[in-house]
Amino acid sequence: MPASSGVKALTNLTDLGPDDGGTAVIAGSHKLDCAEEDIIAAAREDPSLVHHVVAAAGSTLLFCETLLHSSGEVRSDRERVVIIG
């Protein structure tokens with residue numbers, strides 16, 4: 001298992017609903033000892049491995065910095081504003 005060197009905090013400054021992108025994470029990816037490309041390929045084959053986190057403005061998501069994550073697909077015209085630390 002890879003060692004985690006820190007925790008990320010992602011705070012929403014705007015409400016993020018299902019069409020606003022949110023944050024996509026591959027559950028458990030921070031615990032795997034394999035190539036990032038292989039994890040992403042597995043998630044593309046099985047989309048149920050990807051979780052989309054949406055939350056109200058002011059909410060903070062805490063996660064291991066080694067967790068594979070990205071912005072989700074934005075299908076609205078709303079601006080996504082977050083602070084990451």
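## Basis and confidence

The model is predicted, and local features are considered where pLDDT is at least 70, side-chain atom pairs count only at pLDDT 80 or more, and totals for chains, interfaces and linings use all residues. Residues are numbered from 1 along each chain as its sequence is written, and side-chain values use heavy atoms, with hydrogens and water left out.

The chain has a mean pLDDT of 90, with 95% of its residues at 70 or more; pLDDT is the predictor's confidence in each residue, on a scale from 0 to 100. Confidence is lowest in strand 5, where the mean is 89, and highest in strand 1, at 95. Where pLDDT is low, the predicted coordinates should not be read in detail.

## Overall make-up

One helix and six strands are found in the chain, and along the sequence they follow the pattern β-β-α-β-β-β-β. These elements are DSSP runs numbered from the N terminus, helices being H or I over at least four residues and strands being E over at least two.

Taken along the principal axes, the C-alpha atoms fill a box of roughly 35 × 30 × 15 Å. The accessible surface comes to about 5500 Å², of which 55% belongs to carbon and sulfur atoms; such areas come from the Shrake-Rupley method with a 1.4 Å probe, and for residues only the protein chains shown count as cover. Of the 85 residues, 21% are buried, where buried means under 20% relative accessible area, exposed over 50%, and partly exposed in between (1.4 Å probe, protein chains only). Among contacts with a separation of 6 or more, 90% are accounted for by residues 24 or more positions apart, a contact being heavy atoms within 4.5 Å.

Strand 2 is joined to strand 3 by four bridges, with threonine 23 opposite valine 53 and isoleucine 26 opposite valine 50. With strand 5, strand 2 pairs over three bridges, and here alanine 24 stands opposite serine 70. In a regular strand the side chains alternate between the two faces of the sheet.

## Two loop residues

Aspartate 20 lies in the loop between strand 1 (7-12) and strand 2 (23-26), and with a relative accessible area of 7% aspartate 20 is buried. Its side chain makes a polar contact with the side chain of serine 76 at 2.5 Å; a polar contact is a pair of N or O atoms within 3.5 Å, where within protein one must be able to donate a hydrogen and the other to accept it, and residues adjacent in sequence count only if both atoms are side-chain atoms. Leaving aside neighbours within four places in sequence, aspartate 20 is in contact with Asp15, Val74, Ser76, Arg78 and Arg80.

Alanine 57, in the loop between strand 3 and strand 4 (60-64), counts as partly exposed at 40% relative accessibility. Not counting residues up to four places away in sequence, alanine 57 touches Asn12, Leu13, Thr14 and Asp15. The C-alpha atoms of alanine 57 and threonine 11 are separated by 7.8 Å, although these residues are 46 apart along the chain.

Conventions: Pairing = 2+ DSSP bridges.
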